[in-house]
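I opened this structure to see what could be looked up in it. My notes follow in the order I took them.

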Amino acid sequence: MNTKVWKVDKSVDNLESNPQVVDAANFLRDNEVVALPTETVYGLGGNAESDVAVAKIFAAKGRPSDNPLIIHIADKKQLSTFVAEVPDKAEVLMEAFWPGPLTIIFKKKEGVLAESATAGLATVAVRMPDHPVALALLKCCGLPIAAPSANSSGKPSPTNAQHVLDDLNGKIAGVIDGGATGIGVESTVIDCTEAIPVILRPGGVTKEQLKAVIGEVRVDAALTDEAARPKAPGMKYQHYAPNAPLYMVSGTTQFLQSLVEEKQTAGLRVGVLTTEEQVDVLEADVVLACGKREELETVATALYDTLRKFNLKQVDIIFSEVFPNEGVGNAIMNRLQKAAGNKLIAE
Ligand code: TXA
Ligand code: MG
C-alpha cells in the first residue's frame, strides 16, 4: 500500500475545509486508517463504528486484540450516542481539561461502536484532543475516531510524522504531517465509572491537577505494585522499548559514569540518556540530552524521540538517568520504567 503524506500547517485558518484535511477525512469515511497529530503523540485513526476500520488499526500496529482503543471526539454532543452515563465528576473533568490530554472511561452504550474498538468491554475510553488539525479532521469526517498511538506495538510512541513512517509506511493509507507534537507523553487515563475516580495511566494531566478540581483521586495499584494486575489492559504490555536493553540508573553522575566504563571495558557500545545539564559531563559512545531536568515538561516532549534516536546509533546497552516521580515526572517515570522493563540499578 502506498502511504500518502498530507502536510498541514496547524496555524492556518479554516482547517476544516483545507483540501488535505478533507482528503484524509474521506479516507476515514471509507474505513481506511490515517495517522494524525495530537497534542500528546501521533494517533492512528479509524472509524470507531466500523469493525473493518478497527481491524486495520490492530493489524497495522500488530496490537494485541484485548487492548481497547481511545475514542476521539471533537464535540461533547457526540458522547450521548455511545456513552451510557456521564457522572458529575466526569462532567467537571471535561469542563476543566477538554480539549486536552485527559482520557475518561465511561460506561458504554451497547451496539453503537465496533465491539473490537473497546475489546468487548462494558466501558469506553474517550478524549477530545487539543490540536487544531486533529479537531478539524474529526469535525470534517463527523465520526467518532478510534486512535491508539501510531507506532508499531511495543515501540516508543511517535511524536512526529517521520516516526510514524518509520514504523508504518506501506501499512496505512496515510499520515497527516502537522509537525512535532507538544506534550510528548500520552494522555492521562482516568476511570470515572467508580465513585472515587481512578488513574489508570499517568499522562499529560497530573494527579495534582485532577485533585484540584474533583478532590479525592485514587491511583491504580498496578502503577506502584508490579505484581498487581492493571485495570487498563494496555498497561500490562512491554512498551516504548528501544532496540538495545535500557537500564534506569539511580545515583550520582560518577556512579553512572563507572557503569559506562565497566561495559565499555567489556567491549560494548554504550549509550547514555541524560539531560542538557549533564550532556557535556558524561562520557560514553553516545550521550543524548533528553530535555532539561530543570523543566520536566521538556523531558516529556523529547523522551520518545530520544529513545528512537538510540536505535539509529547502534548501541548495545543504554543507561538512563531517573527523574523525580511527581507532576509530569509521574508520566515520564511510568514510560521509562516500561521502556526499561523495570530494570533499575541503584547506587
Ligand atoms: O494521548 C493519547 O492518549 C494517545 C493519542 C493518540 O490520543 N493515544 C493513546 O492510545 O495513547 P493507546 O491505545 O496507545 O493507549 C490507550 C490506553 C491503553 O493503555 C488501553 O488499555 C487504555 O487506554 N484503555 C482504553 N480503553 C479502556 C477501557 N475501556 N478501560 C480501561 N483502559 C482502557
Ligand atoms: Mg500506545
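**Entry 1: a cut-off to start with**

I need one definition before reading accessibilities: exposed means over 50% relative accessible area, buried means under 20%, and partly exposed lies in between. I also note that this is a predicted model.

I looked up Gln 314. Its relative accessibility is 58%, over the 50% cut-off, so Gln 314 counts as exposed. I found Gln 314 in the loop between helix H9 (296-312) and strand E16 (317-321). Its phi is near 55°, a positive value in a residue other than glycine. I wrote down the background: most residues other than glycine have a negative phi.

**Entry 2: another positive phi**

Ala 119 went into the notebook too. Its phi is near 50°, again positive in a residue other than glycine. I placed Ala 119 in the loop between E6 and E7. Is Ala 119 buried, partly exposed or exposed? Its relative accessibility is 25%, between the 20% and 50% cut-offs, so Ala 119 counts as partly exposed.

**Entry 3: a cis peptide bond**

I turned to the backbone around Pro 99. A cis peptide bond joins Trp 98 to Pro 99, with omega about -5°. Most peptide bonds are trans. Pro 99 sits in the loop between helix H4 (88-97) and strand E6 (102-108).

**Entry 4: the ligand**

Next I went to ligand 1. How many residues surround ligand 1? I noted 28, and the closest are Thr 40, Asn 67, His 72, Ser 187 and Gly 234.

- For Ser 187, an N or O atom of the side chain is 2.5 Å from an oxygen atom of ligand 1.
- For His 72, an N or O atom of the side chain is 2.7 Å from an oxygen atom of ligand 1.
- For Pro 233, a backbone N or O atom is 3.4 Å from an oxygen atom of ligand 1.

I then checked the cover. On its own, ligand 1 has 690 Å² of accessible area, and the protein covers 97% of that area. The space taken by ligand 1 is the largest pocket.

Which elements give two or more residues to the shell around ligand 1? I wrote down strand E4 (70-72), strand E7 (123-127) and strand E11 (198-201). E7 supplies the largest share of the shell, 4 residues. By type, the shell divides into 15 nonpolar, 8 polar and 5 charged residues.

Ser 187 lies in the loop between E9 and E10. Its relative accessible area is 2%, under the 20% cut-off, so Ser 187 is buried. The side chain of Ser 187 also has a polar contact of 2.8 Å with the side chain of Thr 103.

I moved on to Glu 186. This residue is found in the loop between strand E9 (174-177) and strand E10 (188-191). Is Glu 186 buried or exposed? At 4% relative accessibility, Glu 186 counts as buried. I recorded two side-chain partners for Glu 186. A polar contact of 2.5 Å joins its side chain to that of Ser 157. Another, of 2.7 Å, reaches the side chain of Tyr 304.

**Entry 5: sequence against space**

I finished with some pairs of residues, C-alpha to C-alpha.

Asp 88 lies in helix H4. Its relative accessibility of 66% is over 50%, so Asp 88 counts as exposed. Asp 88 and Cys 192 are 104 residues apart in sequence and 9.3 Å apart in space.

Cys 141 has its place in helix H5 (residues 132-141). At 6% relative accessibility, Cys 141 counts as buried. I read 30 Å in space between Cys 141 and Pro 202, which are 61 residues apart in sequence.

Ala 340 is in the loop between helix H10 (329-339) and strand E17 (344-346). Its relative accessibility is 0%, so Ala 340 counts as buried.

Technical notes:
Residues are numbered from 1 along each chain as its sequence is written. Chains are lettered from A and ligands numbered from 1 in the order in which they are written. This is a predicted model: local features need pLDDT of at least 70, side-chain atom pairs count only at pLDDT 80 or more; totals for chains, interfaces and linings use all residues. Side-chain values use heavy atoms; hydrogens and water are left out. A residue is near a molecule or strand if one of its heavy atoms lies within 4 Å of it. A polar contact is a pair of N or O atoms within 3.5 Å; within protein, one must be able to donate a hydrogen and the other to accept it, and residues adjacent in sequence count only if both atoms are side-chain atoms. Accessible areas come from the Shrake-Rupley method with a 1.4 Å probe; for residues, only the protein chains shown count as cover. On a 1 Å grid over the protein atoms alone, a cavity is a set of points where a 1.4 Å probe fits but cannot get out, and a pocket is an open set with protein on both sides within 12 Å along at least five of seven lines; lining residues have an atom within 4 Å of a point. A molecule sits in a cavity or pocket if more than half of its atoms lie within 2 Å of its grid points. Ala, Val, Leu, Ile, Met, Phe, Trp, Tyr, Cys and Pro count as nonpolar, Asp, Glu, Lys and Arg as charged, and the others, Gly among them, as polar. Buried means under 20% relative accessible area, exposed over 50%, partly exposed in between (1.4 Å probe, protein chains only).
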